[in-house]
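Please work through the exercises below with the model at hand. Each task is followed by a solution in steps.

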Amino acid sequence: SCVLGTTAFSSPGKHRFLLARHGQTTFNAEKRFQGSMDEEPVLTEKGRDQARELGLWLTSFCSTGKHVDRVFVSPLRRAQQTLKIAREVEGASIPASSTVLPELREIDLYEWEGRTQAEIRQ
């Protein structure tokens, strides 16, 4: 996941954390379990649109005088792609550098990875 997006926590004198999930992947669209697989799942056109929407949302967020100080991102390709596309949006105020946190990586789903929900039910 990219750490950006909708407000998850905020109170006076505290930090605000914005969290965003990666855009839709081919596996999401096919209702396949992804887990920590990183080879095949790539963003679909819908996922790329979602990433652009995140960039637009952040542009709007930052136009109110707020700003993003730091970005933490999963090492998985789908999160990296989402962040890259969001950064490319005109006016998106996302820091050029980000910290990759292995702790944000999706959990392993072992033998379920790459299989559809229907296959798992059988």
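The model is predicted, so local features need pLDDT of at least 70 and side-chain atom pairs count only at pLDDT 80 or more, whereas totals for chains, interfaces and linings use all residues. Residues are numbered from 1 along each chain as its sequence is written, and side-chain values use heavy atoms, with hydrogens and water left out.

**Exercise 1. Describe the elements of the chain and state what share of its residues is buried.**

Step 1. Helices (H or I, at least four residues) and strands (E, at least two) are DSSP runs, numbered from the N terminus. The chain contains four helices and four strands.

Step 2. Read from the N terminus, the order of these elements is β-β-α-α-β-α-β-α.

Step 3. A residue is buried under 20% relative accessible area, exposed over 50% and partly exposed in between (1.4 Å probe, protein chains only). The chain has 122 residues, and 36% of them count as buried.

Step 4. Contact means heavy atoms within 4.5 Å. Among contacts in the chain with a separation of 6 or more, 64% come from residues 24 or more positions apart.

**Exercise 2. Determine how α2 and α3 are oriented to each other and which residues make the contact.**

Step 1. Axes are lines fitted to C-alpha atoms, for helices over the stretch in contact, and angles run from 0 to 180 degrees between N-to-C directions. Helix α3 covers residues 77–87, and α2 packs with α3 at an angle of about 50°, the axes being 7 Å apart.

Step 2. Angles under 35 degrees count as roughly parallel, over 145 as roughly antiparallel, 65 to 115 as roughly perpendicular and the rest as oblique. The two helices, α2 and α3, are therefore oblique to each other.

Step 3. On the α2 side, the contact is made by Arg 48, Ala 51, Arg 52, Leu 54 and Gly 55; on the α3 side, by Thr 82, Ile 85 and Ala 86.

Step 4. Ala, Val, Leu, Ile, Met, Phe, Trp, Tyr, Cys and Pro count as nonpolar, Asp, Glu, Lys and Arg as charged, and the others, Gly among them, as polar. The residues of this contact comprise four nonpolar, two polar and two charged.

**Exercise 3. State how many salt bridges the structure holds and examine some of them.**

Step 1. A salt bridge is a side-chain nitrogen of Lys or Arg within 4 Å of a carboxyl oxygen of Asp or Glu. The structure holds seven salt bridges.

Step 2. Glu 30 and Arg 32 form one of them, at 2.9 Å from N to O. Glu 30 is partly exposed at 44% relative accessible area, and Arg 32 is partly exposed at 28%.

Step 3. Asp 108 pairs with Arg 105, with the closest N and O atoms 2.8 Å apart. Asp 108 is partly exposed at 32%, and Arg 105 is partly exposed at 33%.

Step 4. A network of salt bridges links Glu 45, Arg 48, Asp 49 and Arg 52.

**Exercise 4. Where do Lys 31 and Tyr 110 lie, and are they buried or exposed?**

Step 1. Most residues other than glycine have a negative phi. Lys 31, although not a glycine, has a positive phi of about 60°, and Tyr 110 has a positive phi near 45°.

Step 2. Lys 31 lies in the loop between α1 (26–29) and α2 (45–62). Tyr 110 lies in the loop between β4 (99–100) and α4 (117–121).

Step 3. Lys 31 counts as exposed because its relative accessibility is 53%. Tyr 110 is exposed because its relative accessible area is 62%.
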